[in-house]
Amino acid sequence: MAKKYTWCFLIVLMSIAIVAAHIGETAVPAVFIFGDSTMDVGTNNFLPVSQEIKADFYYNGIDYPFSKPTGRFSNGYNTADRIVKLLGYKKSPPSFFALLNDSPTFKRNLLEGVNFASGGSGILNTTGLVYINLFATVLSNITELCGPAAAATLLSKSLFIVSSGSNDILEQQRSRAPLSPDFLDNLQSTYADHLRRLYNLGARKFAIITIPPIGCCPVERSYNGSECLQGANEFARQFYNATETLLQQLSSQLSAMNYSIGNSFGLTLDIMGNPLAFGFKEIRKACCGDATTMCNQTASLCQNRDEYLFWDRFHPTQKTAELAALTFFGGSHRFMKPVNFSTLAAINIV
């Protein structure tokens, strides 16, 4: 190995060893996150998008350290934050654009992972492909810094978290197009292309989070007299089943692919079916704002935020995100197949 790459290779090995102390003999040296606003840690702060898909203002972040609005669509931490903390990291990786803004340390900071998740991102619109292309840029920088062998080792042992699909349903509804079998097939075909591209770039451990019962979020309930929209929920259920089949097929075709799929749909229905058992008292309304208005510093705000399932008209509270992360990380076969995220992280890729 060339001398200029030796120090980088040692950093990769040290990262694996440090995180391994938390979850077993083998672990993930880096985490790369793709998805929508439920995983966004500030990507949209840097983009010229409307206020509707930004969260860098109060009351967002009211329960984050120093009550800081960070761009997370939450009162505090989101699911990405909690999963990464369970992996042993002190904090989740920053957004790609936040790292890019710190140019002197940009390349070195890539070695612990990057968050590409963005509010409004989906599978079918160009955003999904855009962020995979940005990851290809990250890979080029890591390869330049560490060399091809160390870069391949880093990626093969890293965890790739993907949570996408909800915005595709919402966009389909807005365009008054049907949630049809053809639409599902198109989603799955494009999703397969994205996952295959990540694999070809070096990803080996895929932690997939599927669509929750989106018809039960406050904005969807507002179209149906405060009751869940069953058509959207049924499509979300079909999406989970189709994605499970897709991952089985891909893993049989791509010999080094390992995956875990988290059943966000089933988990959320369980919580809504017995909310008090999970510490929730309000599962229909938003804590900040309401079903038709966005969360900001002029909106209404609940005081007992840990008792609310939903933070705003679309997104979960910090409490909900933490429950989801705990399930994805260490949950049983009921919600996690074929293994949970902690088991996936510990798989030794040679």
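Predicted model: local features only at pLDDT ≥ 70, side-chain atom pairs only at ≥ 80, totals over all residues.

Me: Which residues that line the largest pocket are the closest to its centre?

Reply: The lining comprises 48 residues, and those closest to the centre are Ser37, Thr38, Phe314, His315 and Pro316. Two or more residues of the lining come from each of α7 (166-174), α11 (264-273), β7 (308-310) and α12 (318-330).

Me: Which element gives the most to the lining of the largest pocket?

Reply: That element is α7, with five residues.

Me: How is empty space found in a structure?

Reply: A probe the size of a water molecule is rolled over the atoms, and this shows where empty space is left. In this model, the structure holds two cavities of 30 Å³ or more. The largest cavity has a volume of about 150 Å³. Its lining has 15 residues, of which Phe34, Gly128, Ile132, Val162 and His194 are the closest to its centre.

Me: Which elements each supply at least two residues of the lining of the largest cavity?

Reply: They are β1 (31-35), α5 and α8. The most is given by α8, with four residues. The lining of the largest cavity consists of nine nonpolar and six polar residues, with no charged ones.

Me: What is the volume of the second largest cavity, and which residues line it?

Reply: Its volume is about 40 Å³. The lining is made up of Ser37, Thr38, Arg72, Phe73, Ser74, Asn78 and Pro316. Two of these residues are nonpolar, four are polar and one is charged. Please note that Ser37, Thr38 and Pro316, which line this cavity, are also among the residues closest to the centre of the largest pocket.

Me: How are two packed helices described?

Reply: One gives the angle between their axes and the distance between the axes. Here, helix α5 (residues 127-146) packs with α8 at an angle of about 0 degrees, and the axes are 11 Å apart. Angles under 35 degrees count as roughly parallel, and α5 and α8 are therefore roughly parallel to each other.

Me: Which residues of α5 and α8 meet?

Reply: From α5 come Gly128, Leu129, Ile132, Asn133, Phe135, Ala136 and Leu139, which meet His194, Arg197, Leu198 and Leu201 of α8. The residues of this contact divide into seven nonpolar, three polar and one charged. Gly128, Ile132 and His194 take part in this contact, and they are also among the residues closest to the centre of the largest cavity.

Me: Is Gln188 buried or exposed?

Reply: Residues under 20% relative accessible area count as buried. Gln188 counts as buried because its relative accessibility is 10%. This residue is found in helix α8 (residues 181-201). Leaving aside residues up to four places away in sequence, Gln188 touches Phe239, Ala242, Thr243 and Leu246.

Me: Where is Leu179 found, and which residues does Leu179 touch?

Reply: Leu179 is found in the loop between α7 and α8. At 23% relative accessibility, Leu179 counts as partly exposed. Not counting residues up to four places away in sequence, Leu179 touches Ile169, Gln172, Gly231, Ala232 and Phe235. Leu179 and Ala232 are 53 residues apart in sequence, while 7.6 Å separates them in space, C-alpha to C-alpha.

Notes. Residues numbered from 1 in each chain as written. Heavy atoms only, no water. Buried < 20%, exposed > 50% of the residue type's maximum accessible area, 1.4 Å probe, protein only. Contact = heavy atoms within 4.5 Å. Axes fitted to C-alpha atoms, helices over the stretch in contact; angles between N-to-C directions. Parallel < 35°, antiparallel > 145°, perpendicular 65-115°, else oblique. Nonpolar A, V, L, I, M, F, W, Y, C, P; charged D, E, K, R; others polar. 1 Å grid on protein atoms, 1.4 Å probe; cavity = no way out; pocket = protein on both sides within 12 Å on 5 of 7 lines; lining within 4 Å. Points joined across faces, edges and corners; volume = space filled by probe spheres on them.
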